[in-house]
Amino acid sequence: MTSRFSRRRALGLLAAPLAVPLFSHAASAATLEEIKKRGYMIVATEDDFRPFEFVKDGKPTGFDNELLEDLRKFAPFQVKQEIIPWTGLLAGVSTGKYDVALTAAIITKERKKSLDFTSPIADATHYYVKRKGDTSITSIKDLSGKTCGVQAGSALLGRLPELETMLKKDGGKLGKVVEYTSYPEAYQDLALKRVDYVVNTIINIKALVTEKPTVFEIGQAVSGKSYPAWAVAKDNKELLAFLNEFIAKEKANGRFAELQKKWFNESFPDLPVTFEPEF
Amino acid sequence: MTPGDIAAFAQGAVVTVALSVAGILIGLPVGLGLALIRWGKVPVIGRLVALYVSILRATPLVTLLLLLFFALPNVGVPIDPYSAAILALSMNTSAFNCEIWRAALLAFPKDQLEAAMSVGMSAGLRFRRIVLPQIARASLPALVNEMSLLIKVTPVLAVVGVVDITRAAVRIGAETYEPLPPFLVAIALYAPIIFGLVSLQRFIERRHAAAEAA
């Protein structure tokens with residue numbers, strides 16, 4: 001009896017010092033001054049988020065990676081890049097492991113509790129995509145009761161209630177929602193008819209439909225305004241200002257529009273400089 | 001499949017094999033050491049080892065890895081993705097190896113040790129000449145089993161940015177929007193790796209059998 005008890009206590013004691021730093025991370029994010037002093041900044045990008053960031057022939061490419069090249073020239077310090085899956089990315093920024101999440105992270109209320117966002121880098125209004133030739137879906141109200149695919153932990157999942165409200169207006173309801181670790185699997189399941197539609201941002205869906213026009217077809221908008229941006233740890237104000245300055249410069253010299261045109265097939269000239277999310 | 005994709009798969013295969021080999025080479029002797037400490041009923045340390053094994057067997061590898069990767073820098077230990085991956089792998093597998101070695105040690109006939117003692121063999125010599133050859137043979141199938149499991153959990157290491165065979169496949173699938181072909185290639189790559197490991201086991205077992213017959 002006593003041996004069991006003491007073992008459990010010892011277990012807790014051992015785990016405690018490991019757990020504590022996880023909750024006291026706010027202090028560990030490097031400020032711009034600290035970055036300048038140590039001479040480098042670490043940015044984290046994703047590896048399977050076409051057209052923003054993906055890997056082609058072993059080399060990172062996409063909208064954010066091209067901007068990163070410009071950022072390297074702009075920054076008075078070295079910029080190191082870590083390419084990691086989405087799962088640990090935002091956590092890595094809020095714990096100070098990486099200084100910037102240089103990825104299209106949609107600005108949400110929930111995320112703003114632990115992160116600060118730069119100026120939006122694109123439009124992320126949510127659209128649905130369906131199988132090409134699926135005549136059972138022609139408008140939003142046809143989505144009622146149908147199975148929806150979406151990425152787990154994504155901003156898109158958080159805004160499905162908006163679609164639910166739209167459906168309820170016509171007496172419909174949101175069907176079963178299937179969550180995936182990343183979008184490529186969701187698209188695959190859409191093609192395999194395991195889900196009836198997938199919700200993602202307009203840019204990602206357009207890229208998909210351009211690549212596979214015989215398999216997928218773009219639907220309509222299922223959300224209000226939504227924007228993706230880069231993220232830094234909460235209250236890392238100088239670093240945020242530095243990144244916003246870079247974005248403003250890229251917008252002013254036309255490079256931003258040029259890259260948007262290249263990767264998204266359209267430019268978004270009316271992006272706000274700051275965005276306060278409702279959701 | 002472009003030459004770039006093939007290069008990505010080749011690099012992924014090197015990473016998978018390198019991480020697995022590192023995990024096995026560290027986890028095997030550490031597991032044996034831990035088992036010996038428990039077998040020898042070393043005061044205090046024996047209890048700590050039992051605790052270590054309990055914690056690690058209860059912790060999913062991916063959780064352990066994220067904890068090491070994000071928590072260690074907070075306590076002043078900078079760690080890169082590959083070191084964190086090897087550390088997590090070896091910690092995890094050492095706990096399971098410890099129990100495999102310990103099972104063989106518990107089943108080891110005590111009278112052999114007593115016989116060795118009676119002819120004046122030292123503890124070290126007894127272990128090297130009498131215990132180790134027999135427990136190694138008894139543990140081999142279970143150890144190889146654990147090793148093959150270790151190779152197949154390496155894809156979870158991708159969560160901190162390690163690019164193994166499976167992550168290489170995911171990346172290619174995300175670029176082409178065609179996930180199936182790269183996954184088939186990935187499976188085709190794991191098979192020979194596991195086959196190589198099992199062949200090594202067969203070779204060792206056959207050599208033992210031959211030595212015994214001689």
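Helices (H or I, at least four residues) and strands (E, at least two) are DSSP runs numbered from the N terminus. I note that this is a predicted model, in which local features need pLDDT of at least 70 and side-chain atom pairs count only at pLDDT 80 or more, while totals for chains, interfaces and linings use all residues. Residues are numbered from 1 along each chain as its sequence is written, and chains are lettered from A and ligands numbered from 1 in the order in which they are written.

**Entry 1: β8 of chain A**

I then checked burial, counting a residue as buried if 20 or more other C-beta atoms lie within 10 Å of its own, exposed if 12 or fewer, and partly exposed in between, with C-beta atoms placed from the backbone. Five of the six residues of β8 (residues 126-131) are buried, so the strand is largely enclosed by the rest of the structure.

The peptide bond from A:R50 to A:P51 is cis, with omega near 5 degrees. I placed A:P51 in the loop between β2 (48-49) and β3 (53-56) of chain A.

Two non-glycine residues with positive phi went into the notebook. A:K193 has a phi of about 70 degrees and sits in the loop between α8 (183-191) and β11 (197-201) of chain A. A:K193 is exposed, having 10 other C-beta atoms within 10 Å. B:Y177 has a phi of about 60 degrees, and its loop lies between α7 (165-176) and α8 (180-213) of chain B. Is B:Y177 buried or exposed? I counted 20 C-beta neighbours inside 10 Å, so B:Y177 is buried.

**Entry 2: α1 and α7 of chain B**

I checked the axes of α1 (residues 3-39) of chain B and α7(B): they come within 7 Å and cross at roughly 155 degrees. Axes are lines fitted to C-alpha atoms, for helices over the stretch in contact, and angles run from 0 to 180 degrees between N-to-C directions. Angles under 35 degrees count as roughly parallel, over 145 as roughly antiparallel, 65 to 115 as roughly perpendicular and the rest as oblique. α1(B) and α7(B) are therefore roughly antiparallel.

I listed the contact residues, where contact requires C-beta atoms, placed from the backbone, to lie within 7 Å. The α1(B) residues include B:D5, B:F9 and B:T16, and those of α7(B) include B:I165, B:R171 and B:I172.

**Entry 3: chain A against chain B**

I found 34 residues of chain A in contact with 24 residues of chain B. On the chain A side, α1(A) gives the most, with seven residues.

**Entry 4: A:K251**

I located A:K251 in helix α10 (residues 237-252) of chain A. With 17 C-beta neighbours inside 10 Å, A:K251 counts as partly exposed. A:K251 and A:G219 are 32 residues apart along the chain, and I noted 30 Å between their C-alpha atoms.

How values were computed:
Two residues are in contact if their C-beta atoms, placed from the backbone, lie within 7 Å.
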